[in-house]
Amino acid sequence: MAIRSTSTIDAGGPIRRFPLGARALTLALIAAAGVVSARYLGLDLAGLWPRDAGWNLGGDLLGAAVHPAFGYENEVPPGTPAFPWRILGALWRTVLFAAGAMSLALPLGLLLSVLASDRFWQLRRRSGGSPAARIVQVAVRILIALMRSLHELLWAVLFLAALGLNSAAAVVSIAIPFAGTLAKVGSEMIDETSKSPAAALQDSGAGRWAALLVGVLPAALPELLSYAFYRFECAIRSAAVLGFFGYPTIGLYVAQSFENYQLREVWAYLYALIALVVLVEAWSRGVRRRLS
Amino acid sequence: MSAKDVERLRRARERSPFLRWTAAVLAGTALLAWVGGTVDATDLFQSRRADNLVRFLSVDAMPPAVRDAAGAEKLGALWAWARDLVASRYLSAAAATLAVAIVAAILASFAGACLAPLTARSGPGASSRPRRAVSFLARLGCVLCRAVPEYMLAFLLGALLPSAAWACILALAIHNGGILGRLYGETLENADQRAARAWHLAGAGRLVATVGALFPAVLPRFLTYFFYRLETCVRESTVLGMLGFVSLGHWIVQARAAGHYDEMLLAFGMGAIIVLSADLASWIARRAVRDAS
Amino acid sequence: MTICSRKSPAGGIGFELEEVTVAFPGKAALEDVSLTLEPGSTVALIGPSGAGKTTLLRLLAGALEPTGGALRDMGGVTRAQRAAATGFIHQDHALVPVLRVLQNVLAGRLGRYGALRGLRSVYFPSRADVEAVHAALLRVGIGELLYRRTDRLSGGEQQRVAIARALFQEPCLLLCDEPVASLDPARSRDVIQLLIDLAEERGATLVTSVHDERLAGRYFDRVIGLREGRIVLDSSRSESGQHEALTPAALEDLYGIVRGDS
């Protein structure tokens, strides 16, 4: 969309190799950065070769992949829910964490994306423009960058340290960077909408907020909601990983079973997670198709 | 008369039950998350949490050297403390974080470029049955690759491989390779197919035709996606260090385990700085690619 | 709060322009334009592209302020009332693509209703609102499209939605920017006739820019020719119903080789 490819293939024109210009230079720089990085890390191919213990584990892990568990591998204390129920419960809680996070991230991200967009500040106010507008916009953009600058797991660790183990804090820790990302992408989508509907509404006397809510946001919303649904899929993955930090999502059980060397259970959990993500992906595709 | 017409038109209006159900299910799930007891928001506002927070901010997050220093010297002590930590640990850890992300993004991009001709449903002979099967399988592979979170992949690979750095790189490369395979494939689909067809008619094989005729044209788009993924790789790489290799995440885990929350916060700051600079660098690079093409 | 209506046929908004200049950075779009537009009249603006027709329309709509001279309206209304009673049919229709036709038409009254009532009316319209919109759509011949999504309509249908939106504002001033630029001759005549009828039913003032001077001469009370931001032609319909000032020589002068750029 934003990228034109004029220099290489034009309809009917001669086919040229890409010129030794900026693109070749970019490729060379990337390759050089890769070599320097690999040297810095001391990477060698031997590191890709498992040692004896690794081979044993690898063999067991691969073997378990073919025979995932359908019940607990070891004795469990009485009162433990049946294995399939534990899987479903863990998946359900993973989805709940993700949905809770998105229920915060979507409204917050939407608000911030409006405040960060150029289009909103271009809408005329009855009282005329104010110099504070630009300051607010820049401040919101900095806020968005800061929200995005920490990975959701780091937010989670921060809240763990500051507040202790708390499920709401875990949900908030996913919501913060996700709201930032939604706001960043959303403000770009808002700025890509046509100017004229809102301008026409304002010409007929509509105020700034009315012009925003009728003339601007509806045009950006389908694309933004498709993107938000994709982010929901990402939130499910993040919620799954939160289990590694003690929250009752599916990651918790993956980690526990792995520590106990119950590899067939590990695979059962992993397959369940994969199935969930594939399902959500298919759902997401359906939503995207209908929204666009 | 008019009211009847309006009612008839309203009944016949275009609706999407699928989207309505989606909205209802998602809203219901979000509501259940908050009221069903899984996510306990009230617990967040109990005095115990407030006490934790106060202690964290006033005691835990305060470097001892700063607390002990007198009035005006506090700032100097803070600076000396931060400088020593950054110089001795965090700078090299940040470099390792970046290096892992760069190698992983390059591998992911390479894997994605290899997968793209397979996932794309275009090009010479695209409508044949075996070709469609290949495309379906490749797409499924891409979805599977990105279904497992990087962190879990790295966790499993870390147990398998002797090199923790490789485990993280592979985890990132597999996940992002799946994403790029799909995105690159869509780029190929949207590219002008005439050149590839011309090559194919002139006797080039399907692969040669795709690579030779299309890749130069789609390179800018590929590069743009590469830089986007590099951003996410840097972000992920800061946390993958928690699983072993000496990156920022490693020091975060160490500081947390030792209860040195002051050091942990400094590592967070360092992580934020490299993520922000990676975003900035990627933005500059994407603009350069766009302007050059 | 209807300012003009069928009951007072001359209740449309009129204008007096006194040596009005509108200058954009580096270029004057209108220069020293003096003009009186009678309430309830129908006026066509003709002239080569870049002559300042759209600028004049935007000026009358209140979207632009004159940088020199004076613009007075003869409605005796406040600025906000004038904005709410000005229906502007844009060349690109300026409709929100995702919304239904109903909502796009309802949006025409956001200015009159104010934010809260306007928003409620767009997203949760009352039965009376819906029927009023349906009536406006029937008037422009697309009653069946009431609940359709606007971006699924053809260009001609979208234009009629834009006209219906302007009509729903109960305008005293109808402004149209090139309403027939992309239509074939038969449809062009239909649309112009529709606009004239709507304006006359309401007693509203109609100002339209058109490319085709024959359409202008045939349908409008007054034809004003603009060139390089100045009025070079001003013809009113005579007693016999003819535009005697629209001579081939005058038109040649209007469309003759434009000096300078464009």
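These notebook entries record what I looked up in this predicted model.

**Conventions.** I number residues from 1 along each chain as its sequence is written, and I letter chains from A and number ligands from 1 in the order in which they are written. Because the model is predicted, local features need pLDDT of at least 70 and side-chain atom pairs count only at pLDDT 80 or more, while totals for chains, interfaces and linings use all residues.

**Entry 1: chain C as a whole.** I looked up the secondary structure of chain C and found 10 helices and nine strands. Helices (H or I, at least four residues) and strands (E, at least two) are DSSP runs, numbered from the N terminus. The radius of gyration of chain C is 18 Å, close to the 18 Å from the globule rule for 262 residues, so chain C is as compact as a globular protein of that length. The radius is taken over C-alpha atoms, and the rule is 2.2 Å times the number of residues to the power 0.38. Along the principal axes, the C-alpha atoms of chain C fill a box of roughly 55 × 40 × 40 Å.

I then noted that 47% of the 262 residues in chain C are buried. A residue is buried if 20 or more other C-beta atoms lie within 10 Å of its own, exposed if 12 or fewer, and partly exposed in between, with C-beta atoms placed from the backbone. Of the contacts in chain C between residues at least 6 apart in sequence, 72% join residues at least 24 apart. Two residues are in contact if their C-beta atoms, placed from the backbone, lie within 7 Å.

**Entry 2: the domains of chain C.** I found domain 1 (1–85 + 173–256) and domain 2 (95–169) in the assignment for chain C; such bounds come from an automatic or database domain assignment. The centres of the two domains of chain C, over C-alpha atoms, are separated by 25 Å. In the contact between them, 11 residues of domain 1 of chain C meet 10 residues of domain 2 of chain C. On the domain 1 side, α2 (79–84) and α8 (185–202) of chain C each supply at least two residues, and α8(C) gives the most, with three residues. By class, that side has nine nonpolar, one polar and one charged residues. Ala, Val, Leu, Ile, Met, Phe, Trp, Tyr, Cys and Pro count as nonpolar, Asp, Glu, Lys and Arg as charged, and the others, Gly among them, as polar.

**Entry 3: two positive phi values.** E170(C) has a positive phi of about 50° and lies in the loop between α7 (155–168) and β6 (173–177) of chain C. E170(C) is buried, with 21 other C-beta atoms within 10 Å. E228(C) also has a positive phi, near 50°, and belongs to the loop between β8 (222–227) and β9 (230–236) of chain C. With 18 C-beta neighbours inside 10 Å, E228(C) counts as partly exposed.

**Entry 4: chains A and B.** I counted 70 residues from chain A and 72 residues from chain B in their contact. Helix α1 (residues 22–41) of chain A gives the most to the chain A side, with 10 residues. That side divides into 43 nonpolar, 19 polar and eight charged residues.

**Entry 5: F226(B).** I placed F226(B) in helix α10 (residues 206–240) of chain B. F226(B) counts as buried, with 28 C-beta neighbours inside 10 Å. Not counting residues up to four places away in sequence, F226(B) touches A105(B) and S109(B).
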